[in-house]
Amino acid sequence: MDELLDLAPCGFVSFGDDGGMLTVNANLTGRLGYDRDALIGRHVETILAVGSRIFYHTHLFPLVRLHGKAEEIFMLLRAKDGEQVGVLCNAVRRERGDRHVTDCVLMEVRERRKFEDALLQAKQEAERAHQALQARTAELERANGLLESQALELELQQQHLEDQASELTMQGEALQSLNDELLRRGAELEQQRAAADEANQEKSRFLAVMSHELRTPLNAIGGYVQLLDMGLHGSVTDAQREALGRIDRSQRHLLRLINDVLNLSRIEAGRVDYTVESVGLADVVASVMPMMEPQIAARGLLAEVSVPPAVIARADTEKVEQILLNLLTNAVKFTGAGGSVAVTGGNDTSSAEQVYLRVSDTGSGIPSDFLDRIFEPFIQVDVSATRPSEGTGLGLAISRDLARGMGGDLTAESELGRGSAFTLALPKDSST
Ligand code: ADP
């Protein structure tokens with residue numbers, strides 16, 4: 001029997017319930033490096049590795065006692081030189097003679113360890129891969145969270161932009177309707193302006209006709225007054241002569257007024273022709289001053305003229321004379337005895353394209369609140385004060401219209417009680 005066991009290609013050991021080894025085959029002793037005699041009678045633990053000894057006590061032996069057998073139990077044997085040998089063990093417990101004996105067949109499993117190591121390694125790798133995966137997942141989750149919050153922020157920004165865009169659209173629409181309204185108002189104003197222009201021209205035409213119609217009977221009145229005064233209709237008493245004088249003055253005043261209205265309405269209706277030429281301002285002054293000298297002398301005024309001959313304007317000579325005459329008449333009219341009237345002229349220092357003619361006086365001056373209104377028709381500062389000279393309040397309006405009609409302007413400066421200065425600006429004749 002023992003010899004037969006020695007031929008077996010696997011290990012064999014049998015031991016009693018006390019653990020004492022009874023039989024060990026050659027395969028086993030050879031593998032573990034023991035002499036058979038060194039093992040027989042010794043406890044089976046002798047050939048078990050430390051872990052398997054505990055396993056033997058806690059599992060293998062109780063299993064075999066309970067079920068009579070155990071199959072394919074892995075155990076580690078311990079060779080004499082300490083090498084650990086892995087085996088699969090099939091064990092059977094049975095009665096032999098008067099005792100229980102456990103027979104174990106041990107099949108070495110060299111490859112199993114290798115597989116186990118590979119398995120362990122694979123498991124560890126799997127574990128590592130799992131951990132890496134978890135780390136990666138966590139990272140992805142973090143990135144995802146970040147992306148989500150960024151997406152949220154983007155959504156908020158987009159919302160904000162949309163709000164702004166719709167606000168801009170609303171503002172744009174409001175501006176558009178404002179613009180439409182402005183255009184509409186502009187067109188309306190343009191219409192109104194055209195209507196006003198038309199009405200103004202109509203008014204000027206009417207005044208021109210009316211003035212003409214009034215002049216004829218007025219001239220007749222003047223003529224008859226003269227005939228009466230000359231005694232052609234019988235002798236005239238002193239009282240009648242005085243009355244005729246009053247009628248004559250009133251007739252002249254009315255005639256002057258009508259002439260002025262006629263002139264103004266002609267200018268405003270654009271019915272005045274300007275003969276524009278080179279005008280030496282000194283020449284204009286020279287032709288106008290003689291007309292004024294009697295009045296200047298009568299009022300005891302001092303007159304000064306200072307206009308260099310080289311000051312040349314592009315203008316209508318007659319109109320410039322008319323303006324200068326009007327300005328001088330006013331200056332004389334509003335300056336008391338002992339005062340002075342000056343006419344100066346030159347090249348305009350504020351504009352290289354203009355020349356000027358200025359009439360200054362040391363007269364009554366004009367209150368500042370009237371100064372910008374004296375160019376309006378029929379404006380007179382104090383009628384009672386000027387009553388003896390009986391102005392019409394149209395001279396300055398006509399003069400300024402004529403100045404503007406020639407591309408120039410008429411402006412006034414004055415200080416109440418100290419005098420006034422009227423400046424006629426005209427385009428310079430640049431050919432000279
Ligand atoms: P008129 O002299 O016929 O009344 P104007 O249009 O020429 O009409 O003048 C308007 C008013 O301006 C005058 O009534 C007068 O009150 C004021 N004015 C004009 N020139 C002078 C001046 N040189 N000094 C003071 N007041 C003046």
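Two strands are taken as paired if DSSP finds at least two bridges between them. Helices (H or I, at least four residues) and strands (E, at least two) are DSSP runs, numbered from the N terminus. On this basis β1 and β2 are joined by three bridges and run antiparallel. The model is a predicted one, in which local features need pLDDT of at least 70 and side-chain atom pairs count only at pLDDT 80 or more, while totals for chains, interfaces and linings use all residues. Residues are numbered from 1 along each chain as its sequence is written.

β1 and β2 belong to an open sheet of five strands with the order β2-β1-β5-β4-β3 and antiparallel pairing. The edges are formed by β2 (21–24) and β3 (69–78); each has a single partner strand, so one side of each is left without a neighbour in the sheet. From one strand to the next the twist averages 25 degrees. Angles here run from 0 to 180 degrees between N-to-C directions, and axes are lines fitted to C-alpha atoms, for helices over the stretch in contact.

Strand β1 (residues 11–16) pairs with β5 in the antiparallel sense over six bridges, and V101 in β5 is the bridge partner of G16.

β4 and β5 are joined by 10 bridges and run antiparallel; M107 in β5 is the bridge partner of L88. The hairpin of β4 and β5 has two residues between the strands, and G97 takes a positive phi near 65 degrees. Eight bridges connect β3 with strand β4 (residues 84–96) in an antiparallel arrangement, with C89 in β4 as the bridge partner of I73. Most residues other than glycine have a negative phi, and most peptide bonds are trans. E72, which is not a glycine, has a positive phi of about 50 degrees and lies in strand β3. E72 counts as exposed because it has 9 C-beta neighbours inside 10 Å. The classes are set by the number of other C-beta atoms within 10 Å of a residue's own: 20 or more for buried, 12 or fewer for exposed, and partly exposed in between, with C-beta atoms placed from the backbone. Helix α4 (residues 50–67) lies across β3, β4 and β5 (99–108), running at about 160 degrees to β3.

A further open sheet is formed by five strands in the order β7-β9-β10-β12-β11, with mixed pairing. Its edge strands, β7 (302–306) and β11 (409–415), each pair on one side only. The twist in this sheet averages 15 degrees from one strand to the next. β7 and strand β9 (residues 340–347) run parallel and are joined by five bridges; A303 stands opposite V341 in β9. Helix α8 packs on the sheet, touching β9, β10 (354–361), β11 and β12 (419–427), and its direction makes about 25 degrees with that of β10. Contact requires C-beta atoms, placed from the backbone, to lie within 7 Å.

A nonpolar core is a set of buried Ala, Val, Leu, Ile, Met, Phe, Trp, Tyr and Cys residues joined through C-beta atoms within 7 Å. The largest such core has 40 residues, and L281, I323, L324 and L424 have the most contacts inside it. Two or more residues each come from α6 (238–268), α7 (281–298), β8 (312–315), α8, β9, β10, α11 and β12. α8 gives the most, with seven residues. I323 touches S399, L402, A403, L410 and L424, when residues up to four places away in sequence are not counted. Apart from this core lies another, of 23 residues, among them V24, L77, V87 and C89.

Around the ligand there are 21 residues, of which Q380, V381, G391, G395 and L396 come nearest. A residue is assigned to this shell if its C-beta atom, placed from the backbone, lies within 6 Å of the molecule. The elements that give two or more residues to the shell are α8 (317–333) and α11 (395–405). By class, the shell has nine nonpolar, 11 polar and one charged residues. Here Ala, Val, Leu, Ile, Met, Phe, Trp, Tyr, Cys and Pro count as nonpolar, Asp, Glu, Lys and Arg as charged, and the others, Gly among them, as polar. G391 and L257 are 134 residues apart in sequence and 8.5 Å apart in space, C-alpha to C-alpha. L257 is found in helix α6 and counts as partly exposed, with 19 C-beta neighbours inside 10 Å.

Technical notes. Two residues are in contact if their C-beta atoms, placed from the backbone, lie within 7 Å.
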